[in-house]
Amino acid sequence: FYRVVNDVFQSISLHISVSNCNCTIEFVVSPLCIGRTIVKSFCGKDHLKLFESDYSWFLYDKNNKESIEKCICAMLKYLKEYLIPFFENTKNAKSAYYKVCDFQKRNYKNGLVLHDYSLFCFSLKAGLYDESLEHLKAMKAQIEFAYSRNEEAFGDKLPIRYKKNIANELKVLDRQMEMVKKRDTTQMNEFIFQNEKLALLNLGMLKSKG
């Protein structure tokens with residue numbers, strides 16, 4: 001299930017394990033201006049128990065009605081206590097940015113994911129340009145680090161297509177960093193407008209002109 005509130009996309013998905021003995025509800029709060037990622041089936045990998053820094057899922061016995069009902073009640077408790085208030089407090093880019101950052105800091109083992117692209121998009125839409133720049137720098141550093149590790153491991157055997165893709169990604173990040181550094185609101189507003197338009201088209205909430 002998903003909904004769009006202002007400039008924010010929120011969704012939940014019931015995820016049952018292959019073993020069919022545990023499950024959870026996964027969720028995401030994402031900026032519409034992240035663009036292409038936003039489709040009807042999009043959902044993140046954050047799940048209910050992470051609100052208590054617990055990476056486990058909910059257990060149940062598929063052959064025991066009482067066990068199943070107990071599992072459902074437990075998930076509903078987390079929904080009411082944590083997820084619904086979280087969704088209610090993330091209804092625009094600025095509030096969502098701070099709440100998602102806080103969620104990561106409190107509940108992820110390694111804290112805030114500075115290279116999270118969605119945080120860049122949230123902060124850009126919210127006009128938090130210093131934060132936007134920090135996220136872009138972290139993304140660039142992450143890509144360069146991964147590339148250097150692959151280069152060490154594979155040397156000349158690295159595929160040319162991979163090298164080109166990395167070079168293109170870095171060029172895009174450099175252009176975006178320059179855009180933010182210069183506070184080029186015309187370019188930033190166009191980035192936001194086009195990406196939100198694409199997301200709404202993907203969701204069928206905006207009609208294509210052909």
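The model is predicted, with pLDDT of at least 70 needed for local features and 80 or more for side-chain atom pairs, while totals for chains, interfaces and linings use all residues. Numbering starts from 1 along each chain as its sequence is written, and side-chain values use heavy atoms, without hydrogens and water.

Helices are DSSP runs of H or I with at least four residues, numbered from the N terminus. Axes are lines fitted to C-alpha atoms over the stretch in contact, and angles run from 0 to 180 degrees between N-to-C directions.

| Pair | Axes come within | Crossing angle |
|---|---|---|
| helix 4 (residues 129-154) and helix 5 (residues 160-181) | 10 Å | roughly 160 degrees |
| helix 2 (residues 93-107) and helix 3 (residues 117-125) | 8 Å | roughly 145 degrees |

Helix 4 and helix 5 are therefore roughly antiparallel (angle over 145 degrees). Their contact (heavy atoms within 4.5 Å) includes L133, L136 and I143 of helix 4 and I166, L170 and L173 of helix 5. By class, this contact of helix 4 with helix 5 has 13 nonpolar, three polar and seven charged residues.

Helix 2 and helix 3 also cross in a left-handed sense. Here A93, A96, Y97, V100, C101 and Q104 of helix 2 meet L119, F122, S123 and K125 of helix 3.

The count of disulfides (cysteine sulfur atoms within 2.5 Å) is zero. The sulfur of C43 is 14 Å from the closest cysteine sulfur, in C23, too far for a bond. For C73, the closest cysteine sulfur is in C71, at 9.3 Å, also too far for a bond.

Note on methods:
Helices (H or I, at least four residues) and strands (E, at least two) are DSSP runs, numbered from the N terminus. A crossing is left-handed if the near helix is turned anticlockwise from the far one by less than a right angle, and right-handed if clockwise. Angles under 35 degrees count as roughly parallel, over 145 as roughly antiparallel, 65 to 115 as roughly perpendicular and the rest as oblique. Ala, Val, Leu, Ile, Met, Phe, Trp, Tyr, Cys and Pro count as nonpolar, Asp, Glu, Lys and Arg as charged, and the others, Gly among them, as polar.
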